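Here is a short note on a structure for you to read alongside the model. Please keep the sequence at hand as you go through the points.

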Amino acid sequence: MKIYNSLSRQLEDFVPLNPEQVSIYSCGPTVYDYIHMGNARTALVTDIVRRYLVYRGYKVKLVQNLTDIDDKIINRAAELGVSAKQLAHQNGEAFFEDSQRLGIHCADVHPKATEHIPEMISLIQTLIDKGAAYVIDGSVYYRVNQFAEYGKLSGRKPEDLLAGARVEVDERKEDPRDFDMWKAAKPGEPAWESPWGKGRPGWHIECSAMAMKHLGETIDIHAGGEDLLFPHHENEIAQSELATGRTFARYWMHIAFLKIDGRRMGKSEHNFILLRDALDHYPTEVIRHFLISAHYRHPLDYNPESLAKSEGALRRLNNCLDALKKYEGGKDGVPSSNLDRETLPLQEAIQTMKSRFVEAMDTDFNTAQALGAIFTLVGEVNRSLATFDGAAAPVFARAYQVLTETCGVLGIYDMDAEDDNNVEQRDQLIALLLDVRQEARSRKDWDTSDKIRDRLKELNIEIQDTRDGATWKIIS
Ligand code: AMP
Ligand code: ZN
């Protein structure tokens with residue numbers, strides 16, 4: 001497998017530090033509002049990276065943090081007249097809810113910044129002890145000139161860094177590039193005790209401390225949106241590597257922006273579509289398909305036409321899988337009849353699709369090409385379904401298995417929908433039986449009425465007669 005490493009700016013072979021378990025840290029949301037489709041793109045890419053690594057046989061530990069203390073949270077809470085804690089809690093819960101609706105599996109750990117203050121304080125203290133940080137009026141600053149490799153991730157030269165940093169010059173800092181790791185408390189703001197007085201952590205130290213606490217001093221993959229490359233990730237490296245003397249993250253993955261009308265989708269741009277609003281309009285799989293329709297390092301433009309295309313693609317996929325489903329579980333392999341030769345192209349197409357899928361995903365998680373492979377096979381299958389009948393069943397069974405497996409990795413095929421359909425059908429059948437029973441009762445046909453009740457009970461479905469009619473429930 002190869003991953004593009006933003007640090008080396010090239011594709012590198014992926015070799016995890018510990019072959020037993022890949023560690024991934026992904027910068028999660030600042031929970032001052034609901035997440036938008038741009039945030040969703042980054043979260044979804046991480047989800048797919050993890051699913052694919054598992055598919056390739058790795059064990060993965062994924063940590064995704066929640067930044068639950070920050071200027072934006074404090075300001076928004078003040079506007080709304082609620083506490084920062086309450087606002088962060090509500091939006092944190094909403095984040096989990098939205099992620100789940102998008103089919104994103106929970107990370108192994110979702111650490112919150114406010115629950116890791118002691119770890120942050122200890123890391124800052126280490127840096128002070130090493131001469132890499134200094135205290136001014138209760139705030140602690142990182143001394144950038146102590147880290148010779150500062151700028152290695154962003155490729156920015158010291159003079160560029162100085163020019164950028166001048167925008168927000170703080171006269172008290174030794175060097176304009178220095179950044180705060182601990183902010184002295186301001187009146188009315190949430191604050192924690194520390195050796196430097198009451199205050200709160202800076203954003204960069206939060207991720208360094210949480211990543212190292214949950215994944216160790218060196219992690220395999222560190223992921224986040226491209227906006228985080230500088231200064232956030234550059235500063236995470238500076239803090240962590242100076243403190244430990246070790247490589248902090250071995251592969252840096254940066255997810256390109258989701259755009260709208262050619263501009264980055266963002267809260268500050270006031271051009272965002274909330275994920276929850278999109279999910280009210282489109283099925284999960286359609287949104288997932290859209291968000292992975294471009295390779296993660298390419299920008300993607302949000303527009304109704306692209307979503308309509310994803311809707312069309314999903315319809316073709318589902319129709320194809322519905323048609324194939326009846327062959328599921330049949331012996332897969334080659335057909336025994338003389339259709340053998342005629343179905344050869346389809347057999348080959350299945351094989352080709354599987355290797356194209358793996359090759360695409362092995363090459364820096366190229367979901368766009370992986371989808372291309374899947375939909376080429378869908379086309380082949382549709383043609384074959386029209387040509388062959390059940391005699392080609394074993395090949396269709398194999399196509400079904402390969403398609404559901406690969407679509408499952410990308411999360412664009414909803415196995416649960418089948419269960420939902422089954423549940424709906426069950427409910428309709430019970431309603432029908434209750435109607436029949438009601439008719440029997442009105443004829444005073446108690447035998448039939450009791451028989452329906454008793455037989456349903458044997459199936460663990462209990463009928464209760466109420467004044468408003470019969471209801472039912474499942475009993476265990
Ligand atoms: P935030 O809540 O702004 O800290 O963002 C949470 C995550 O979403 C970070 O990894 C960001 O880099 C990422 N992100 C924010 N906006 C976009 C966007 N338009 N496209 C892709 N990722 C984004
Ligand atoms: Zn971070």
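Which residue in β13 is the bridge partner of Lys-259? Point 5 gives the answer.

1. First, the ground rules. This is a predicted model, in which local features need pLDDT of at least 70 and side-chain atom pairs count only at pLDDT 80 or more, while totals for chains, interfaces and linings use all residues. Residues are numbered from 1 along each chain as its sequence is written, chains are lettered from A and ligands numbered from 1 in the order in which they are written, and side-chain values use heavy atoms, with hydrogens and water left out.

2. Start with the ligand. Ligand 1 is surrounded by 17 residues (a residue is near if one of its heavy atoms lies within 4 Å). The closest are Thr-42, Gly-225, Asp-227, Leu-258 and Met-265. By class, this shell has seven nonpolar, eight polar and two charged residues. Here Ala, Val, Leu, Ile, Met, Phe, Trp, Tyr, Cys and Pro count as nonpolar, Asp, Glu, Lys and Arg as charged, and the others, Gly among them, as polar. Helix α1 (37–55) and strand β9 (219–225) each supply at least two shell residues. The largest share, three residues, comes from α1. Helices (H or I, at least four residues) and strands (E, at least two) are DSSP runs, numbered from the N terminus.

3. Now the backbone atoms beside the ligand. A backbone N or O atom of Leu-258 lies 2.9 Å from a nitrogen atom of ligand 1. For Gly-225, a backbone N or O atom is 3.1 Å from a ligand oxygen. For Cys-27, the distance to a ligand oxygen is 3.4 Å, again from a backbone N or O atom. Taken alone, ligand 1 exposes 490 Å², and the protein buries 93% of that (Shrake-Rupley method, 1.4 Å probe).

4. Next, a four-stranded sheet. It is open, antiparallel and ordered β5-β6-β7-β8 (two strands pair if DSSP finds at least two bridges between them). β5 (133–136) and β8 (199–201) stand at the edges with a single partner strand each, so one side of each has no neighbour in the sheet. β5 and β6 (139–142) pair over four bridges. Within that pair, Val-135 stands opposite Val-140.

5. Last, a three-stranded sheet. It is open and mixed, in the order β12-β11-β13. The edge strands, β12 (263–264) and β13 (300–301), each pair on one side only. β11 (258–260) and β13 run parallel over two bridges. The bridge partner of Lys-259 is Asp-301.

How values were computed. Polar contact = N/O pair within 3.5 Å; in protein donor to acceptor, adjacent residues only side chain to side chain.
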